[in-house]
Amino acid sequence: MSNQNELNMDMIETLGPEFTVFVGLLLIMIVPNLGNGTFRVPGTSIRLPWFLGGTRYKVVASPRLPGLLAVLTMAVALIQVIWYLCDSSAADGKVISSENGIEIFKVNMFSRIFEAIFFAALLLAAIASLDRLPTGSQKSDDIDVLFNNRRQADFYILMLTSALGMSVVALAQDMFVLFVGLELASFSTYVLVAFHKETRAGSEGGAKYFIVGSVASAVGLYGLSMLYLWAGSLQFDVLAAKWAADGATSLSMMALGFVLVGFAFKISAVPFHFAAPDAYSGANSPVAGVLATASKAMGMLGLMRVLLIITIPDSTADGSAVWIGLLGVLAAVTMTWGNIAALGSENPKRMLAYSSVAHAGYMLAALTAIGAWNWGLVDNAGDAMDVVVAALLFHMFVLVFFKLGAFLVLGVLEMEGGASRLSSLAGLGKREPLLAVAMFLFMISLAGVPPMAGFLSKLLVIMGIVEVATGTGSLSSIADAHWVWWLALLMVINSAISMFYYLRVGVVMYFHEPEEGRQGPLASGASIRIAIALCAIGTVAFGLVGGELIDMCRDAAESLR
Amino acid sequence: MIDPAWVSVLSAILFIIGVWGAFTRKNAIIVLMCLELILNAANLQFVAAAIQHGDATGWVYAIFAIAIAASEVAIGLAIFLAMYGQHETISLDDVNLLKH
Amino acid sequence: MGGTSETISSTFIEYAIFIVLLPMLAFPIILFLGHIFNGNQTWVKSAKEGGLIALPIMVASFVLSMLLISEFIGKGTGAHHIGDWLSFGWMSADGMTINEKVFGVGIYIDHVTVMLLFVASFLCMLINIFSIGYMNTDPVNDNRNHRFYAEFVLFCSGMLGMVLADSFLWLFIFWELMGLCSYLLIGFYYEKPSAAYAAKKAFLTTRVGDVFLVIGLVMLWNLFDSLDYAVVFNEDLIAQVDPGQLQLALGMMFIGAVGKSAQFPLHVWLPDAMEGPTPVSALIHAATMVNAGLYLVARMFPFFGAPSMAGELVDLAFIIAAIGGITAVMAAAIAFVQDDLKKVLAYSTMSQLAYIFTGLGAALWLANTPGMEKYAIVAFGAALFHLFNHAMAKGMLFMASGSVIHEMHHAHHDLHHHDDHGDDHHDDHHDDHFDAQSMENMGGLASKMPITATAMLVGSASIMGLPLIGGFWSKEGIIANAWRVAREEPLFLFPAFCVLLGAAMTGFYMSRMWLKTFAGKPKTEVAANVHENTPWIPIPLVTLTFVSLSSVILAGMMFTHWSSDSSYAFFSEKGLIDGLIYEFEHIFLNSDAFFFVLTYFVIFIGAIVGPGLAMALYGGSLKDGEKSKPWMQPIINLSSRVNAKRGFDNSAWANSGLSDALKERLYFDKWYDAAMLKLVAGFANISAAFDKNVVDGTIKTIESTSQKLSTQVRRLTTGSARDYIMMAALGVLVIYLMLEVMI
Amino acid sequence: MNIDYLSLMVILPILASIFLLILTSRLNPAARAKFDAPVRMASLIISLAMFVLATLMFLGQIGDVGWNDIAFNNFEFQESYVWIEQLGITWTVGVDGLSFPMVWLTTLLMPITIIATWNEKAGATYFPLMLMLGGALIGVFVALDMFMFYVFWELTLIPMFFMILKWGGKDRKYAAQKFFIYTFTASVIMLLGLLTMYFLMDTQTFSMQEMVVQASGANGNGVWLGLEVQKVLFIMLMLGFLVKLPAAPFHTWLPDAHVQAPTGGSMMLAGVMLKMGAYGMFRLPISLFPHALEEFRFIIMIIGLISLVWGAIVCLGQTNLKKMVAYSSVSHMGVILLGIASMQPLGWAAALFMMFAHGIISPMLFAVCGAFKHHYHSMEIGAMRGMAKHSPWLATSMMFGWMASLGLPLLAGFVAELMLMVAYWYAYGWWILLPGLVLAITAAYYLWSMQRTIFEGGEATQPPESLHGEPVPDIDNSEKIAMLLLAAFTILFGIMPWIFLDMMDMWTRSAMAFLGVGGA
């Protein structure tokens, strides 16, 4: 493990993806503004070209440029991340610390895989957005009018800043750094959600998301301050040591509770999820997709950092984490609430939002299982954690494909004129068979039907839970299993409930006649279709051959310890 | 010198006021102000804790938090402005097109 | 009885399977050819729409059967194991070992088989001939006779297979096959709702019996681990079986026989089954299939005869006899009031089958009672001989009735054609205004249809048991043996009285039928214009007349001592003449005073009281100037005289409640229908509704409730950001409270 | 040459189906209609090839297998490949006396179904779905890896869902969802049971074969995993299979699915898909938890009885032809449970043969129903009478199918019923009156429906209004071929049941000996 505290090539290599994003950010800011602008040397009439402003060059004036730049940036960053992931020795365990030895960033498989999730989600969203932001505008109340040349750049800048913020969260070794990254990402997403500010729904969704989100993160910040009060540092290792030494005090519990509120909002766990459906329905679909995948993964990351690093009991200790009961209840309520609410939802985006709540419940259930990690685990207490964390990572990774994919399909419909009613999807099976098939794949993957990736991920999660619950594998009756087993049962039952609304999408697509005026194939949008195709391929491929990814996730899970 | 504990109490009071205000007030701007209250409560706590622990990092945290609060307000106001442009109100209760 | 049968080797038993297979293979061929050549003139004329394909097959079957019979009659039993049909594992009760068990398939022949085989193959062949005359000359059957012949040969295959089978399993399999054919043939005129109803009723009623038969077979299998006759009739094995269990098993099987042979209380299907074409009635519902139940009971004989079972199975024997007794009287009584020629015969069939059941019951009782075994063979022989006589006579009677109906119909058609000159002369066989089967429309046909009338006369006499003719020998035997048992066992007085009463009733209703049809003056114009001119039909009639008349010779051949094992000797040791003398002596000059009186009493009531009453009521001379054949004319004259002298008005009786009840068939059909409709169908409808509303309703309620719940849950998302924050705050509060509780 | 024929039989139809579906997906409806005939022909050829393959396997032309000597937990044509190494998941295929008849049946029904529904609309999509369904079904039967089994188990839902949804009747939307959700719910609970079992094993494995070895090793002297656990896992696993079977009271998805499904869907659903449930029971809970089976045999028997009796009684109250047949399926599936509960090799063999026989007979019933609907545009019993006159082929087929279903001797269904009765009486004595009663009720509802369809209908009865006065048609040639084939096989297996019964019998015998269950 090497500590670094100055900017050098090694650090750039270590933080390669982040630098890439940063460079890309600068490029998007600068490149579209390149022109034949000159500046006059003061006191002279000599005008030196400084290439900013003036008449912009034709190449850089292309409205597509910011998008392409963002896609390029994200693609490069993703490739870098994958490179690191495949070559685990390259960047593993590298720590960036401040001069007084405070660890700021730590690069390991765990953070890398989250970066991969973030970049993948944002890359797909960016690709999908390429066609969604046409230049020029035709009708005054058309959503397309929102996106003029200038705002192209804004949109992608925000995407890249959120990418940056998220990777900071992934890398952070200090709670406050994590929080700063979280805020950076959050602010970008607030604005992205409100990017439709010229529509009533867009501005409203943005405002609500902002209000609730910022209250949540403010509470989180307050929690941090209490933590700081408690431990005198916000370093993870310091906090963990302190926790191990002191155990749960009311101050630390309260502090951690507040911190968790901030993350719980991000993963939209009940009862912090209320703004999510509004935000998803107000935002445009790719952004909503990002919220449901990358943003959620970010919240999950925070939760895992706090719960699994700080508050996990010693592996030698006999017992479970203090929060296990709480998290168990939260998980149960969240998954059930989400599914029940989604059952009758007539707005597909809200439905997906509620389904995302339910997925948060599944993930919380998995975390709960980790809380029981010392349950009868004689051989190796850490194993269960690895398994469950790996399952969670896998789940969040593949969720990018089918959750975002589903939103992107709605995005295609939005380009035509809205996807806020289930009936917008009507007749898609006839109009766009491939899109409909893709959507159906996403839906059954969300529900967890083999051989989709969603099945494998859910299977892994349930396997993780069951493995923890069964302990050493000798039970005299099922009642002797840890109670998290019942969470697994609830989870499968919830999967069955969720089948109802996922299938309904299929039914609407294939059964219902299209709405008035929505006949024939949809307007072509090559890039969004490419993104959807990628999602579909990912959904099927990771379901059939997810082995490598599972390996990666396992490595990542081990590096968390 | 004041016992840092009292500062914590003060910050707790501020926090409670802030949270209370956040869900009792309809006016978005006032909610924003309540948000600031919560953030400032955190700042106070940071500072107090920094003194208590004799650790300078707390100060740094506070300064960062102020910057965050500032940008939060900027974003918030921009979003509310957009909202006002569409809904012609900044009452959070009246902006409920999206629900259920 | 008792005594192991001598197993003899045989050449023809190797080929016996073809007796069954030939007609079975003819089934698809006729069906297929009929489908292809439907309406083709060559097919209609030369092949008689399949009739002339079926006939050679049936002749071949008959010839093969006769060859087989010739090898076995009076000699012993034979078995030919063809192979294993099913083999399966059977775990012993301790769960330790799994043994291999099999259901075999093969041929088994003993004297019961021989009797039934002859009856079946002979009548199948004759009725095939009759059918060609009957079916192919009626336009209503055009273009669908091939279906008739196909189903006919399939039925024959079933009947012959049942008889030849070497295990109860295959007996049941062919039994069901017959049931299917019966169903199809009763429903031959599918467009008639009454035929459709009758077909369903027949199948369902027999099915009820079959269910019990299956259960009985299953029980039997569990007792013996086999259903092969060779195994289950082994006395050593029978000795190891619990008699109570065996009696239950046999009792269950008997219920199956009750259904198939139309005995009380599963008799309701038989009269309705007359909706089928007359050859079907003759073959299936009089001569062969209904005998299957008798055959099954006769097959049980070895169980009753086994020494280890002595005295254990008498209850079942009594039940069999009692069911027979009840049915004998009941059916005869209903036959009093039927006007439909075929219905009278149908009830007569029921009644006569009941006789045989009583006879078998008595025989089984005798076999099962220590000390009485020696009489069992006489009772058994009487029952089987009656089966033979009845099959021949009733087959003939039905064919004769078919002939009458056929000619009536033709006559009606001709008249009809003359009357309204073709403005509406489509061939509607089932003219609402004219019932060709009703005796009320007949009368005086003796002169116009001499062959038919003769056949009918001989047949009726045989059924009635007029001395020396047909059923006389066997009926006397049955009644005598029933009484023989009754003398030992008072319970048997009931069936014994029943059969005695039945004898008189038979005399009445058979005479009534013949007189109403053939004597007196034509009651309708149609009856006055009847001619007997259809080809093919007389052949079987004449043949069977001679068979019935020759029963005296058969009696001399000791048919009355027919038994299932080799203790029956074809042409008893004494030879034909000695046999005859023995039989005459035995019947008319019985040394036992009781039986001596009984014989003459039966002759008196059956041959004098019954017919005399019928003559008094229904007798009458032919139309002036018409003469029937000399052997019938005296009877007609006598009836006319009795009628004139002793005739009385029976309208009081005819209008009485009992008469109504009999016309309504004692309300059995009504009650059964009501039970089906009200109880079963009602329960089924309720069940269906329950399934829909409650079982499925639960699912639907879960669904709709969760939808409602969803609405409620989503209502919490009010749309106001303040509420969201408040919910979150509340949530946090709850969480902290929970933590306080938990920690 | 070493070809993995079983995997081929799974993969080939699925890949072909995906290929055909993608091939025509971008075309507009008119252009796609041109593909109907070629796609149909391609599907038929593929399915026929599979049938030939399976038949050659059976006849020993491929592989030279002694089918009647396969002992329990031994498999033929076994092949194994690593699938997801990280989880120990493999792609393992193999067949034994339990699964091969079902594989063969599936390959038999695929071409027959395609022929029977030759003129189905939108064939370019329909026939590939049929192929996919067939492939997935075969996948279920040949899978020897728990994961693979579950994957194919669920995969079968998807093509069937679309078949109901796109080609179904008026209420198809509801029926398709109900079908999917109901069975999915049960199967996820089964999945949880499987996973729990997986983690309780000493040596965790997804291989069913190794699982059975492990389980029987422990069951021999004690109870594998403990009786309590075994019972819970047994229930969880059985739940999934009981719903699929379906057994009362979980059967209500079936009538809806059947009534709404297109003919081909119904044929496959009744013919093979229901059998998945019974197959799964034998393959997993029974093979693994014999002690729990002993504990629950009476309850299983009662559930079977309820299905049997209730299904039959409800049949009697139906006025919809297809619904009646659907409930009769419920009734017949009860027989399988009775067979299992009898705990005799004979009873198990009866259950297996019932699966097989019903797999041939019920497609015929549904083909008849489909033809009825297709030609008379109505499903109500009594809407069309006198079929014997105007539609002799359909009438004959109906008569044959109905008779086969009510257990007429020498047709396939009888053998199973007879064997069942024998074993059942041995195990449960006078309870036999109830199955006996059902034999009569079954006859009653079939005869009742025939009386109102085949018979009657003289001059007085008018064809239904739905025909709009057009002449009443008999069935098409393609339907005739399908019916004839099904009838031929019904007779074949009725007269010569040993063709597959022997291997089933061998399986049940060795299974019972191996598991150490059975007897009084």
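Predicted model: local features only at pLDDT ≥ 70, side-chain atom pairs only at ≥ 80, totals over all residues.
Student: How many residues of chain C as a whole count as buried?

Tutor: Buried residues make up 59% of the 743 residues in chain C. The chain has 30 helices and 2 strands, and its C-alpha trace spans about 120 × 75 × 55 Å along the principal axes. Among its contacts with a separation of 6 or more, 82% join residues 24 or more positions apart.

Student: Why is Gly302(A) called buried?

Tutor: Gly302(A) has 26 C-beta neighbours inside 10 Å. The cut-off is 20 or more, so Gly302(A) counts as buried.

Student: Where does Gly302(A) sit, and which residues does it touch?

Tutor: Gly302(A) belongs to helix α12 of chain A, residues 285-310. Leaving aside residues up to four places away in sequence, Gly302(A) touches Val169(A), Leu178(A), Leu182(A), Phe263(A) and Lys266(A). Its C-alpha atom is separated by 26 Å from that of Thr539(A), 237 residues apart from it along the chain.

Student: How do you know whether Glu99(A) is buried or exposed?

Tutor: The count is 7 other C-beta atoms within 10 Å. A residue is exposed at 12 or fewer, so Glu99(A) is exposed. Glu99(A) is found in the loop between β4 (94-97) and β5 (103-107) of chain A. The C-alpha atoms of Glu99(A) and Phe500(A) are separated by 56 Å, and the two residues are 401 apart along the chain.

Student: What share of chain D is buried, and what share of its contacts lies between residues 24 or more positions apart?

Tutor: Of the 520 residues, 69% count as buried. For contacts with a separation of 6 or more, 81% are between residues 24 or more positions apart.

Student: Why is α3(D) described as roughly antiparallel to α4(D)?

Tutor: The axes of α3(D), residues 100-116, and α4(D), residues 123-142, come within 9 Å and cross at roughly 175 degrees. Angles over 145 degrees count as roughly antiparallel, and that makes α3(D) roughly antiparallel to α4(D).

Student: Which residues make that contact, and how do they divide by class?

Tutor: From α3(D) come Met102(D), Val103(D), Thr106(D), Met110(D), Thr113(D) and Ile114(D). From α4(D) come Phe127(D), Met130(D), Gly134(D), Leu137(D), Ile138(D), Phe141(D) and Val142(D). By class there are 10 nonpolar, 3 polar and no charged residues.

Student: What are the domains of chain D, and how far apart are their C-alpha centres?

Tutor: The domain assignment gives domain 1 (1-243) and domain 2 (289-520). Their C-alpha centres lie 23 Å apart. The contact takes 31 residues from domain 1 and 32 residues from domain 2.

Student: Which elements supply the domain 1 side of that contact?

Tutor: α3, α8 (208-220) and α9 (227-244) of chain D each supply at least two residues. The largest share, 9 residues, comes from α3(D). This side divides into 19 nonpolar, 9 polar and 3 charged residues.

Student: How many residues are in contact between chains C and D, and which element of chain C gives the largest share?

Tutor: In the contact between the chains, 46 residues of chain C meet 49 residues of chain D. On the chain C side, β1 (78-91), α6 (168-186), α7 (193-224) and α29 (668-715) give two or more residues. The largest share, 15 residues, comes from α7(C). By class, the chain C side has 30 nonpolar, 8 polar and 8 charged residues.

Conventions
Residues numbered from 1 in each chain as written. Chains lettered and ligands numbered in written order. Axes fitted to C-alpha atoms, helices over the stretch in contact; angles between N-to-C directions. Helix = DSSP H or I, 4+ residues; strand = E, 2+ residues; numbered from the N terminus. Parallel < 35°, antiparallel > 145°, perpendicular 65-115°, else oblique. Contact = placed C-beta atoms within 7 Å. Nonpolar A, V, L, I, M, F, W, Y, C, P; charged D, E, K, R; others polar. Domains from an automatic or database assignment.
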